[in-house]
Amino acid sequence: MEQQKNALIEVKDLHVVFRDPSRTVHAITGLSTEIKSGEVVVVIGPSGCGKSTFLRTLNLLETPTSGKIIFEGNDLTDEKCDVNLHRQRIGMVFQHFNLFPNMTIKKNMTLAPVQLKKKTQEEADEKAMELLKRVGLDDRCDAYPGQLSGGQKQRVAIVRALMMEPDVMLFDEPTSALDPEMVGEVLDVMRELAKAGMTMVVVTHEMGFAKEVADRVLFMSEGSIIEEGSPKEIFDNPQNRRTQEFLSKVLH
Amino acid sequence: MQEWFSKIAFDFRQSFIDSDRWQALLSGLGTTLLITVLALVIGVVLGVLVAVVRSSYDQKKKKGGVLGLLNKICYVYITVIRGTPMMVQLLIMYFVIMASSTNTMLVATLSFGINSGAYLAEIIRGGIMAVDRGQSEAGRSLGLSYVQTMRFIVIPQAIKTILPALGNELIALLKETSIVNVIGMKDITKWAINVQGRTYQAFMPFLGIAAVYLVIVIILTKLVSIMERRLANDGTAKKRSH
């Protein structure tokens, strides 16, 4: 009962099938899990295993073929459910930042809260400056995304998602498109968020980050979770053969 | 040589100044520009609507329903309009569809608007599809609705990429209005025909209006390139110059 109450996101027997005329891809094959409030879950696995698809399905950027996604007690897969409303409470950070190139950094951050009437322009501006200060970019508030480095862009993308004051943050390989020397600054921001108690689901190849920050690690292969546990269990003593193979390839 | 010059001066006076013909030319110019501007407004509104319907239908996984029907209507509209000559459309509008109306300005702006809407729709659709999918995903993931995402994020970026094509369409539209004399409107082309009829001169009136069209097109081209520069203010231009 206690666990039920704490579950922020519940995923039940999720299937995602991509169909196009030439082929059918079964990207997620019967995945069930729970994400508890305040938990940092890191999803790892070989490329093409469906980890990004899984993450994108959590806020319905991909449509589940079957199964349920229950977020704060509401079934997102229900036709009657207003997905836009729930997406406001689910922040997402993309591999390629996806900042809006035609707007300044500040405008990038204030657009959604102001348009969705969560804040007035003044409140949003104030909040944006406060968050930018926290990630050390308050002096770049009037710059355009094209003028920032990759690491700076990703830090802005993270605080842009935070502007909506989400209950959970989804990270889709947030450091994979960065130059190596910029990975650290982005991970620092994420580490700080985790410390502040944010619920996070992170798809990443940064095993060091997973070891250090994760409460739970999910190992995915061929569309489902085949092993999960604390970072210690997964990295030091993996049980499944495929987990062992994967880890021996990425940890050298 | 002297003789040639005085002939030119005479022709000029006869074509443009005698019986205050320049006034008729100006009012013809007004007609040409008015049709162009009004038709452009109608065309842009129609074009955006059709483009949004067509591109959201393309992105949708489940086909059919109301959107499917709208998509079919848009497809037929584009096919028919692009598949028939502008002059024929104008004649059909004047003599068949709106046969009871004597307001030629209304007929002309509607015909040209509907025509250019079909071309603009495909241009705008191309622009919408050229915007990275991540942009609309980012908008949607913040909780913005489909319409808000289109309005604030996708369409402004699409317009930037299609601006040169929009400029082309505007120029084509302006020049195409020269056929409105078939429904009896007095634009600048009709003015030249009239002057020729009165004075038996072709050189001055026709080269004159050619020059007028050319000057307007040059001005429009300039305006479009100024807008292009203004829209490019996303900082990337500055970065390149380093």
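This report describes strands, helices, nonpolar cores and selected residues of a predicted model.

## Strand pairing in chain A

Chain A contains an open sheet of 6 strands, arranged in the order β6-β7-β8-β3-β9-β10 with mixed pairing. Strands β6 and β10 (224-229) stand at the edges with a single partner strand each, so one side of each has no neighbour in the sheet. From one strand to the next, the twist averages 20°. Within this part of chain A, strand β3 (residues 40-44) and strand β9 (residues 216-221) run parallel and are joined by 4 bridges. A:Val43 is placed opposite A:Leu218 of β9(A).

A further pairing in chain A involves strand β1 (residues 7-20) and strand β2 (residues 23-36), which run antiparallel and share 11 bridges. The two strands β1(A) and β2(A) make a hairpin, with 2 residues between them.

Helix α2 (residues 51-58) of chain A lies across β3, β6, β7, β8 (199-203) and β9 of chain A. The helix runs at about 150° to β7(A).

Helix α6 (residues 150-162) of chain A has 13 residues and spans 19 Å from its first C-alpha to its last, close to the expected 18 Å. Because 12 of its 13 residues are buried, α6(A) is largely enclosed by the rest of the structure. Among the buried residues are A:Gly150, A:Gln154, A:Arg155, A:Ile158, A:Arg160 and A:Leu162. The cover over the buried residues of α6(A) includes, from chain A, β6 (90-93), α4 (105-115), α5, β7 (168-172) and α7 (180-195). Chain B also takes part in this cover, through its α6 (133-141).

A:Lys127 belongs to helix α5 (residues 121-134) of chain A. Its relative accessible area is 19%, and because buried means under 20%, A:Lys127 counts as buried. Leaving aside residues up to four places away in sequence, A:Lys127 touches A:Lys119, A:Met163 and A:Glu165. The C-alpha atom of A:Lys127 is separated by 9.9 Å from that of A:Leu162, which is 35 residues apart from it along the chain.

## Nonpolar cores

The largest nonpolar core has 49 residues. Those with the most contacts inside this core are A:Ile44, A:Ile158, A:Met169, A:Phe171, A:Met190 and A:Met200. Helix α7(A) supplies the largest share of the core, 8 residues. Another core, of 42 residues, lies apart from it and includes A:Ile69, A:Val83, A:Ile90 and A:Met103. In soluble globular proteins, nonpolar side chains tend to be buried together.

The surroundings of A:Met200 can be given in detail. Not counting residues up to four places away in sequence, A:Met200 touches A:Glu39, A:Val40, A:Val41, A:Met169, A:Phe171, A:Met190, A:Leu193 and A:Ala194.

## Loop residues

Most residues other than glycine have a negative phi. A:Phe97 lies in the loop between β6 and α4 of chain A, and its relative accessibility of 12% makes this residue buried. B:Ser19 is found in the loop between α1 (2-17) and α2 (21-59) of chain B, and is exposed, with a relative accessible area of 62%.

A:Thr175 occupies the loop between β7 and α7 of chain A. This threonine is buried, at a relative accessible area of 6%. Not counting residues up to four places away in sequence, the contacts of A:Thr175 are A:Val183, A:Val186, A:Leu187, A:Thr204 and A:Glu206.

## Cysteines

The count of disulfides over all chains is 0. A:Cys49 is buried, with a relative accessible area of 2%. B:Cys74 is also buried, at 9% relative accessibility.

Key
Residues numbered from 1 in each chain as written. Chains lettered and ligands numbered in written order. Predicted model: local features only at pLDDT ≥ 70, side-chain atom pairs only at ≥ 80, totals over all residues. Heavy atoms only, no water. Disulfide = S-S within 2.5 Å. Buried < 20%, exposed > 50% of the residue type's maximum accessible area, 1.4 Å probe, protein only. Contact = heavy atoms within 4.5 Å. Expected span 1.5 Å × (residues − 1). Pairing = 2+ DSSP bridges. Axes fitted to C-alpha atoms, helices over the stretch in contact; angles between N-to-C directions. Core = buried A, V, L, I, M, F, W, Y, C linked by side-chain atoms within 4.5 Å.
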